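Dear colleague,

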Amino acid sequence: MLAYKLITTIKELEPYRSTWSEILEKEYNNNPFIEYEWISTWWTTLGVHDNVEIYIVEHQGVAVAFFPLVHSVRFSTIHYFSFLGQGFATYMEVIADKEWLEPSITFLLKEFSRKYKRYLIVLHGLLESKNTSQELEKYAIEYQMPHSIFRTVTSYIDFQTIPMDTFLQKHRKKFKSLKRRENKLKSLGHVVFQEVNHNHLQDMFTLFKRRWQKKIDKSGFTEKQTRLFYERLAKTNSKVLRVEVDSLQFEGQWIAFTIDLCCRERNFCLAMGHEPDFNLFGPGRLIEKENMLKAHQAGYRYYDLGSGYEPYKFEWYTHIDFTRKFVMSTKGVTERIIRLWMVLRDRLKGLLTNNHQLVKLKRDRLGELRYFLKHASTKEWLRAVTKIFQRMLAIHSLDVYIAEQQQDNGNVRFQELSMKDLMTVKEQATNVADFYKGYRLFAESDHVIYKRHDQTAVEETVNYSYELSENMSFIKEYDSQRLVEIVADVQREGRTVCTIAPWYKRYRRRKLMQAGFHKAAKINIIKIFKWQKIYHI
């Protein structure tokens, strides 16, 4: 004897809070998205304008199952049901005692068929390893209901099936590579990986926004209501659901973060982000590695990488599951047409999202183009147009200048910047990249006066470089008005100064001659598409 009750407000649902949580505790649920705290926080923050309907199936007046749905009417007469939290909940399912799951699904779907002549049920986030997906498919087959199923791979690490020593050995090359990057970063300043409390979520959102400012982001992660949702969720007082935010900081500045939803034995990695200016150091990979090791040390069995075909997820996984989207409808012609359209749409979407090159083209390249069109100056436009033509055909003529004599200007000493100092000067991205390549940066106050390399001379506009002889230094991006002082600063160490000037930059060449440089060589470069020929004169 089953009956159902319809709940349409969070106030009506609140008396069932303990029953809901007791069912999940009994079933040892590790899906964070169906915990009462997640559902209620989503409903009161992001779902306030959705027609949320919680169907409670009862046996002799006792709740045995909860169906968290959103109900709407489409095409005038078709009732459309979906799980709530779409776009935010990666996994969803029916909340029920195991023994009542099948009878509850059968009962409620029969009630829908009796109450609604035409309906369409679209349920996302159904893990194949859970029972809800199997029971829904079983019902559709048994009652001959038109249905379709779409699958997305879900990868995860099961620490219980692989000893940590074996895991480290399996990925020893990746860990060794990451260790080198970590050591290089630590040699330049203080690096710390630490968990932060909810009061620092603002730093996380700021960093995520910087990470995606030149990319196309459809997650809405930094939108006002989404931020409010995660802030409220982080403050919930739950024994089984925790929001954990970890940061990777360099000299007190966030350069990477992870945000995880932790539920019993599962650590679900919700989102990651890193400072784009530090890309060469791989902060995203470093914090990902630290987060996995932290999850293991904290006793979580599963480190969930989430649904999707991103390559990095398959670098670490030990097991895979599949997340289903289940579509079922009544047998009317309109419902069949809509379901067929959804099938074609989702299959096309699956083909496109599974192609990582197309995803990168859309997300990264088109994102960079959009950012460029919005923010590029006239000078940047000219530089971009020039690069396009130079990729097809280009003739470059470079002059190499050398200053060997001592300059009589011993009073000026420019301050050499450390990596820590770069956090406060302008053009951080360019400066950090040059620092990583081995340049030494010298400044006065917070203004970079010149950059120096003691092994290699590089003209990056034409991608040309050569090795320097002993006791020679190459300078670039220098302040032309203070060139005499710059030369003296370098020669104070007994080194010869070298630089490169393109033939068309007459002002720069004139300044070099006035500062005591002389032309030592000419380099002509002819480039036709990928073919290139270099002539030394």
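In this model, which is predicted, the second largest pocket has a volume of about 320 Å³. Its lining is made up of 16 residues, and those that lie nearest the centre of the pocket are E27, E93, A96, K130 and N131. By class, the lining of this pocket comprises 8 nonpolar, 4 polar and 4 charged residues. Several elements contribute at least two lining residues each, namely helix 2 (17-26), strand 5 (95-96), helix 4 (98-115) and helix 5 (131-142).

Turning to the annotation, UniProt lists residues 172-313 in an unreviewed entry as "domain: BioF2-like acetyltransferase". Over residues 172-313 the chain is 40% helix and 30% strand, with the end C-alpha atoms 17 Å apart.

Strand 10, which spans residues 253-263, is mostly covered, since 10 of its 11 residues are buried. Strand 9 (residues 241-250) pairs with strand 10 in the antiparallel sense over 10 bridges, and V243 has L261 of strand 10 as its bridge partner. The hairpin of strand 9 and strand 10 has 2 residues between the strands, and in that hairpin E251 takes a positive phi near 50°.

Strand 10 also pairs with strand 11 (residues 266-274), again in the antiparallel sense, over 8 bridges, and here the bridge partner of C262 is N267 in strand 11. In the hairpin that strand 10 forms with strand 11, there are 2 residues between the strands, and R264 takes a positive phi near 50°.

With best wishes

Technical notes:
Residues are numbered from 1 along each chain as its sequence is written. This is a predicted model: local features need pLDDT of at least 70, side-chain atom pairs count only at pLDDT 80 or more; totals for chains, interfaces and linings use all residues. Side-chain values use heavy atoms; hydrogens and water are left out. UniProt positions are given in the numbering used here, feature names are shortened, and annotations may be inferred rather than shown by experiment. Helices (H or I, at least four residues) and strands (E, at least two) are DSSP runs, numbered from the N terminus. On a 1 Å grid over the protein atoms alone, a cavity is a set of points where a 1.4 Å probe fits but cannot get out, and a pocket is an open set with protein on both sides within 12 Å along at least five of seven lines; lining residues have an atom within 4 Å of a point. Grid points are joined across faces, edges and corners, and a volume is the space filled by probe spheres set on the points. Ala, Val, Leu, Ile, Met, Phe, Trp, Tyr, Cys and Pro count as nonpolar, Asp, Glu, Lys and Arg as charged, and the others, Gly among them, as polar. Buried means under 20% relative accessible area, exposed over 50%, partly exposed in between (1.4 Å probe, protein chains only). Two strands pair if DSSP finds at least two bridges between them.
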